[in-house]
Amino acid sequence: MMNWENLFVLGDGETPVAVTATEGVPAQEGAAEGPAQAQSSASGMSTIIMMLAIMVVMFFFMSRSNRKRQRQREDMLKQLTKGTLVATNSGMFGTIVEVREDSFMIEVAPKVIIEFSKAAVAVRRDAEDGQAKSNSLEDKK
């Protein structure tokens, strides 16, 4: 026989479910949530897999574009020779008078020669029109 003090109406309001007064947990909890919990964990796992796949694809495209940009810059630095007009990151404009292993000697004014690191050269400039030849994103738009 059931104690009517422990009987409460839960869920849809039509079917009474017995709840123990001390625990406050429905007596049929384990049977009702078993399949739903398994389905929930499966959909959660597929969501995690999709998120990881998206992050891998984004990483691939980002690293690929960075490598391409770095390769273009290295090619530009290899093509710089004596007599090439350049602009540095600091805004100095000049002509290369000597190419060293890791630096350039650049003439920024008549008889003023300054040594710059190869990393300091930002762009190569054309001799005819003085326009910069850059690898920056603004030039590619």
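Q: Why does isoleucine 106 count as buried?
A: Its relative accessibility is 1%, and the cut-off for buried is under 20%, so the label holds. Keep in mind that this is a predicted model.

Q: What is isoleucine 106 in contact with, leaving aside its neighbours within four places in sequence?
A: Sitting in strand 5, isoleucine 106 is in contact with Val86, Thr88, Gly94, Thr95, Ile96, Val97, Val112, Ile113, Ile114, Phe116 and Val121. To make that list, a residue needs heavy atoms within 4.5 Å. There's also a C-alpha distance to go with it: isoleucine 106 and phenylalanine 93 are 13 residues apart along the chain, with their C-alpha atoms separated by 8.5 Å.

Q: What makes up the largest nonpolar core?
A: Ten residues, you might say, but here are the names: Met76, Leu77, Leu80, Val86, Ile96, Phe104, Ile106, Phe116, Ala120 and Val121. Helix 1 (29–79) and strand 5 are the elements that give two or more residues to this core. To get in, a residue of a listed nonpolar type has to be buried and joined through side-chain atoms within 4.5 Å.

Q: How do you know whether threonine 88 is buried or exposed?
A: Check its relative accessible area: 6%. Buried means under 20%, so threonine 88 is buried. This residue lies in strand 3 (residues 85–88), and beyond four places in sequence it touches Ile106, Phe116, Ala120, Val121 and Ala122.

Q: Why does lysine 111 count as exposed?
A: Exposed takes over 50%, and lysine 111 has 82% relative accessibility, so it counts as exposed. Lysine 111 is found in the loop between strand 5 (103–109) and strand 6 (112–117). Its phi is worth a look too: near 65°, a positive value in a residue other than glycine.

Q: What makes the contact between glutamate 98 and arginine 100 a salt bridge?
A: The N to O distance is 3.2 Å, and the limit is 4 Å, so the pair qualifies. In general, side chains of opposite charge can pair when their charged atoms come close.

Q: How many salt bridges does the count come to by this rule?
A: Two. Besides the pair above, glutamate 115 forms one with arginine 100, the closest N and O atoms being 3.3 Å apart. That pair links distant parts of the chain, with glutamate 115 in strand 6 and arginine 100 in the loop between strand 4 (93–99) and strand 5, 15 residues apart. Through shared partners, Glu98, Arg100 and Glu115 join into one network.

Q: Which order do the elements of the protein run in, from the N terminus on?
A: β-β-α-β-β-β-β-β-β-α, which comes to two helices and eight strands. Of the 141 residues, 14% count as buried. The accessible surface comes to about 11100 Å², with 59% of it belonging to carbon and sulfur atoms.

How values were computed
Residues numbered from 1 in each chain as written. Predicted model: local features only at pLDDT ≥ 70, side-chain atom pairs only at ≥ 80, totals over all residues. Heavy atoms only, no water. Helix = DSSP H or I, 4+ residues; strand = E, 2+ residues; numbered from the N terminus. Buried < 20%, exposed > 50% of the residue type's maximum accessible area, 1.4 Å probe, protein only. Areas by Shrake-Rupley, 256 points an atom, 1.4 Å probe, with all protein chains shown as cover. Salt bridge = Lys/Arg side-chain N within 4 Å of Asp/Glu carboxyl O.
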